[in-house]
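User: I have some questions about the calls made on this complex. Please set each value against its rule.

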Amino acid sequence: MTVFMVRRLMQSVVVLLVMSVIVFLGVFAIGNPVDILISPDADQMERERAIKALGLDLPIWEQYFVFLANAARGDLGRSFVFNEPALRLIFERMPATLELAGTAVVMSLVIGIPLGLYAGLRPQAATSKGIMAGSIVGFSLPTFWQGLMLIMVFAVMLGWLPSTGRGQVATFLGIKSSLFTSDGLAHVILPAFNLALGNAALIIRLTRAGVRESLLQDYVKFARAKGLSNQRVVGVHVFKNILIPLVTVIGLEIGGLIAFAVVTESIFAWPGMGKLIIDSINQLDRPVMVAYLMMIVLLFIAINLVVDILYSAIDPRVRLQDVKG
Amino acid sequence: MTAPLVTLVPPPKIETPFRRLVSEFMESPLAVVGLVVLTIILLVAIFAPLISPQNPYDLAKLDILDSRLQPGSKSMDGMTFWLGTDGQGRDMLSGIFYGLRTSLAVGVFSGICAMMVGMAAGLAAAYFGGRVETLIMRLVDLQLSFPTILIALILLAVLGQGIGKIILALVIVQWAYYARTIRGTALVERRREYVEAAVCLGLSKPRIIFGHILPNCMPPMIVIGTVQVASAIALEATLSFLGIGLPITEPSLGLLIANGFEYLLSGKYWISFFPGIALLVTIVSINLVGDQLRDVLNPRLRK
Amino acid sequence: MTIAKQTVGVALAAAFGLAAATATAQDLTVALGASVTSLDPHFHALGPNNNMAQHVFNNLIEQDANQRLVPGLATSWTAKGDDTWVIKLRSGVKFHDGSDFTAEDVVATIKRIAWVPNSPSAFTIYTKAIKNVAVVDPLTIELKTDGPYPLMPNDLSNFFIVSKKSVEAPTEDFNRLTAAIGTGPYKYVDYARGERIVMERNEAYWGNKPEWKKTTFRLITNPAARVAALLAGDVQMIEAVPTADIAKLKQNANITLAQAPSNRLIYLHMDHQKPVTPFITDKAGKPLDKNPLKDLRVRQALSKAINRDGIVERVMEGVGVPAGQLLADSFFGTSPNLKPEKYDPDGAKKLLADAGYPNGFTITLHGPNDRYINDGRIVQTVAQMWSRIGVEAKVEALPWATFASKASNQEFTIYLVGWGSGTGETSSTLRSLLATFNRDAGMGQANRGRYSNPELDKTLAEALKTVDEKKRGELLAKASEIGVRDVGIIPLHYEVSTWGLKKGLAYVGRAGQETLATEVTTAK
């Protein structure tokens with residue numbers, strides 16, 4: 001186990017390095033940040049000064065080594081746009097994003113698993129077919145369109161929920177979050193639901209597929225033959241079998257929700273990390289992009305690690321040395 | 001040792017598996033409806049240039065003075081816009097026909113390519129383990145942490161605009177999903193008795209991977225595949241919405257919806273409503289067919 | 001779907017009734033469309049940042065709604081001799097911390113502007129003409145320049161005065177609000193980056209006090225979401241109303257709109273320099289042996305082929321003004337003789353034939369798709385119009401992030417872009433877009449097509465030395481005429497900005513496109 005962890009950690013460092021190189025080259029390919037940031041009124045001299053001030057006058061490889069040297073000391077650079085340390089900008093957005101992603105995951109599980117179980121256990125029922133058809137709609141609507149519709153219906157027409165933004169923040173057990181105030185909860189419902197819909201659809205489908213398959217497996221037949229209650233067969237034996245694909249997908253989706261809820265955060269003016277990365281990309285704010293993506297790599301590596309460990313916990317047939325990769 | 005082999009591995013395909021497949025497929029009327037609709041959609045997409053009243057990709061054929069006309073209006077030169085026009089004076093009906101063609105091309109090509117790349121990578125990782133697995137899975141990590149928007153923007157800046165580049169971007173984005181999922185499933189399958197049996201029989205590695213493990217990994221792959229074709233189409237719409245998708249003069253369904261999005265609050269519903277419906281019908285029919293195919297192809301659900 | 005419905009239902013019930021805002025009549029909530037990246041008024045010369053700073057800080061000279069100069073912290077400004085401006089400062093003005101405003105604060109501000117570290121676009125462009133600041137007495141300063149510099153008052157209207165206590169405060173201290181000490185009508189009370197900025201009225205303000213005790217600026221960058229927030233009553237005012245929604249909002253009994261022509265010209269920029277330009281080919285796709293845009297007749301033809309009324313009417317939905325010169329007619333330095341080019345496809349065809357292109361050519365028009373009002377749609381429409389005169393036009397609309405660098409590297413042949421005159425007169429436009437590129441003289445910095453016309457350069461240089469207002473105006477008008485008649489650029493239209501407000505509020509729209517809570521009043 002320790003060897004496994006240490007090896008993973010070393011591989012992660014390599015992934016981080018590769019990521020930072022790609023971002024440096026990527027930004028270099030897209031354009032010069034100064035062209036985006038400089039006031040149109042600025043003359044050529046001012047442009048040259050700005051390029052120098054941001055360290056963009058050095059050759060790209062030199063810029064990269066300056067970055068590496070600073071990163072080794074824990075300094076991932078200052079934002080070109082905000083003139084604040086990139087990490088500070090990322091961390092100050094994190095609570096809002098975690099609130100949104102967490103709420104969305106819970107919503108999608110609460111919606112997805114029961115519906116998927118139902119559809120899997122009664123595949124021929126009309127309700128099940130309705131669920132399956134409905135779930136298709138869930139991921140075929142573009143999120144921006146669906147988001148605006150939610151705002152139009154629940155905020156503008158019905159006036160039940162606030163249209164955009166994050167609500168009041170309160171502190172509970174030392175954690176600051178808008179989930180602790182009623183105003184905050186009211187604000188999070190629509191964007192979280194917008195994010196949850198697509199994932200709920202995916203979970204419904206995976207659950208149903210897993211259930212249908214496991215019902216035909218020998219061990220389920222055996223469990224039934226043993227006279228176990230239906231509840232126990234479904235709750236323990238069937239449910240366990242659908243967990244592997246479910247855990248994989250949920251793992252992937254959580255990462256995506258945290259890192260790239262870009263469209264939902266834009267439409268709902270949610271001050272999260274997705275909004276930060278799209279703004280940074282649009283303004284070629286390289287320090288923030290590099291720092292952000294390195295954080296996200298770490299996040300995904302951590303998620304994948306947890307997923308792999310969960311595999312072996314859920315299914316004894318998978319051993320950790322199998323997933324040492 | 002031979003007994004489990006017979007029950008668990010698909011029987012050798014000597015009879016006509018295709019006929020059996022067809023008859024099993026036909027058991028679900030819903031899937032048949034889906035197939036019919038999908039066939040019609042494919043025909044429309046293929047023959048779009050022949051059946052469209054206007055070539056919506058040719059700027060010379062559009063007139064800005066015809067823009068934002070209601071469904072059923074007549075153009076300056078007497079043509080009827082059955083579904084109205086968009087902000088450029090583009091006939092929505094023709095736009096949808098051509099858009100279907102573009103969207104399907106994007107969805108299907110990127111879906112197939114991503115699935116093949118992802119499947120090969122995932123299976124290789126699961127079967128070979130060791131360094132191969134490490135390399136592939138860390139690549140997956142890297143890929144999943146990389147925002148689609150950034151990939152699309154880099155490709156746009158380096159290669160320019162175009163449908164090929166969008167497909168490339170989507171493949172780069174999506175292969176990792178397949179790779180990760182199939183590896184998860186394959187890890188489990190690899191430990192099953194039938195694989196051990198096959199190894200004992202001295203079958204070659206490729207034969208075990210493709211002949212035995214792969215078919216058993218297919219059900220979740222088809223679920224993800226049908227979902228991913230749909231989400232590729234939706235993702236392309238999102239990229240277009242963010243301004244880094246297809247060229248604006250050659251709209252896909254997604255781009256039509258993204259353009260119509262600007263008119264959603266203005267009462268000009270037809271600009272995004274009709275392409276939205278077309279997208280919905282397409283994706284629903286793909287999934288109806290996909291669902292049934294998955295059940296039919298699943299070796300373990302077979303009676 | 002039953003469970004899903006229940007979940008949503010429960011959640012909605014929990015939220016029901018909690019959503020109502022607790023705003024009082026004294027409060028105003030405004031939705032902004034573009035990110036405010038810093039509260040440091042000297043860090044980044046950027047519209048949204050200046051827009052915020054304008055609430056909390058003052059300039060020596062202020063611009064009114066039409067960008068005419070009016071007294072701010074300076075009560076008078078006069079040129080003395082050839083190289084000196086004498087500025088009289090307002091007495092009795094206090095900073096938010098209670099200290100008096102004096103000449104020392106001006107000196108400190110000019111020093112700080114040159115000092116601010118890491119600035120991606122510094123305000124030194126507005127202070128560089130000042131060679132020396134002399135404090136005559138606590139309320140009088142003299143600014144020395146190299147030779148006559150008539151634009152000094154315009155420059156003084158473009159940077160904010162901070163307290164001398166903040167002279168060495170880094171940007172972070174302004175973002176933490178500790179250094180954000182101004183003399184303006186509002187004080188910052190809260191800043192949640194990327195989310196909201198909250199201000200409170202400065203009860204000791206020297207000028208007209210704003211009507212709103214507390215003003216919250218919220219950031220809603222998506223235009224549709226901004227409109228929805230206004231419709232839902234979550235905000236009382238929004239900026240940059242999308243043109244598509246204007247007609248419908250006009251019919252809404254709960255909403256009023258405010259509009260104002262802006263100082264922003266949307267125009268086409270052309271490659272005047274390269275002997276062979278990359279994006280013009282013959283119809284078979286082979287490059288032409290010369291650059292047709294060097295021929296005045298071709299430029300005129302491309303301009304005549306554009307139906308500007310059509311663009312304003314159909315693409316901008318009436319919200320825009322067809323352009324015939326560099327700034328709308330009401331601005332300083334414009335020429336009454338310049339009118340928008342008439343739509344004349346036949347004349348355009350003839351000019352093309354005369355120039356030796358009877359069958360036209362193939363051209364790619366580039367443009368941004370996220371920068372100006374309806375930019376992506378305008379480029380398509382222009383291409384459509386060109387195709388009517390036999391110029392087969394392709395369109396490539398790119399995000400600004402990659403467009404800006406490509407334009408700056410002179411990679412395009414012809415592209416759509418905009419220019420807002422920060423000084424509210426034509427010299428800014430002339431020297432940036434049409435003057436011959438000269439790095440050391442600071443001329444033509446945005447003249448990426450490298451248009452060059454010695455006659456225009458001469459007239460402009462003379463204008464820039466002429467302190468006499470009337471005479472300078474005439475010279476600028478003459479330079480405009482030279483540049484526009486030679487089709488140095490192809491003007492399309494002037495943007496008109498639109499604000500949406502809750503019924504019962506009124507706003508005087510501003511040419512600079514700023515959204516100022518100070519100017520929002522309860523309609524009488």
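User: How many salt bridges are there between chain A and chain C, and what makes a pair count as one?

Analyst: The count between chain A and chain C is six salt bridges. A pair counts when a side-chain nitrogen of Lys or Arg is within 4 Å of a carboxyl oxygen of Asp or Glu. Glu48(A) and Arg439(C) are such a pair, with the closest N and O atoms 2.5 Å apart, so the pair falls within the 4 Å limit. This is a predicted model, in which local features need pLDDT of at least 70, side-chain atom pairs count only at pLDDT 80 or more, and totals for chains, interfaces and linings use all residues. Residues are numbered from 1 along each chain as its sequence is written, chains are lettered from A and ligands numbered from 1 in the order in which they are written, and side-chain values use heavy atoms, with hydrogens and water left out.

User: What else is counted between chain A and chain C?

Analyst: There are 26 residue pairs in polar contact, both residues at pLDDT 80 or more. A polar contact is a pair of N or O atoms within 3.5 Å; within protein, one must be able to donate a hydrogen and the other to accept it, and residues adjacent in sequence count only if both atoms are side-chain atoms. The side of chain A that touches chain C divides into 37 nonpolar, eleven polar and 16 charged residues. In that division Ala, Val, Leu, Ile, Met, Phe, Trp, Tyr, Cys and Pro count as nonpolar, Asp, Glu, Lys and Arg as charged, and the others, Gly among them, as polar.

User: How many residues of chain A and chain C are in contact, and what area do the chains bury?

Analyst: In contact (heavy atoms within 4.5 Å) are 64 residues of chain A and 60 residues of chain C. Chain A and chain C bury about 5,200 Å² between them, 56% of it on carbon and sulfur atoms. Buried area is the accessible area (1.4 Å probe) that two parts lose on being put together, summed over both. In chain A, Asp41(A), Asn83(A) and Trp160(A) lose the most area to chain C, together 11% of what that side buries.

User: How many salt bridges does the rule find between chain B and chain A?

Analyst: Across that interface the rule finds zero salt bridges, and one residue pair is in polar contact, both residues at pLDDT 80 or more. The side of chain B that touches chain A has 34 nonpolar, nine polar and twelve charged residues. The contact takes 55 residues from chain B and 62 residues from chain A. The area buried between chain B and chain A is about 5,500 Å², of which carbon and sulfur atoms give 72%. Arg138(B), Arg180(B) and Arg191(B) supply 12% of the area that chain B buries against chain A, more than any other three residues.

User: Why does the salt bridge of Asp63(B) and Arg388(C) join two chains?

Analyst: The two side chains meet at 3.6 Å, N to O. Asp63(B) lies in the loop between helix H4 (48-51) and strand S1 (73-74) of chain B, and Arg388(C) in the loop between helix H12 (375-387) and strand S18 (392-398) of chain C, so the pair joins two chains. Helices (H or I, at least four residues) and strands (E, at least two) are DSSP runs, numbered from the N terminus.

User: What makes Arg138(B) and Asp141(B) a salt bridge, and where do they lie?

Analyst: Their side chains meet at 2.7 Å, N to O, which is within the 4 Å of the rule. Arg138(B) and Asp141(B) are three residues apart in helix H6 (residues 130-144) of chain B, so about one helical turn separates them. Arg138(B) is buried at a relative accessible area of 7%, and Asp141(B) is buried at 0%.

User: Which residues do salt bridges with shared partners join into one network?

Analyst: The network holds Arg78(A), Glu84(A), Arg88(A), Glu92(A), Glu172(C) and Arg193(C). Over all chains, the count comes to 39 salt bridges.

Key
Buried means under 20% relative accessible area, exposed over 50%, partly exposed in between (1.4 Å probe, protein chains only).
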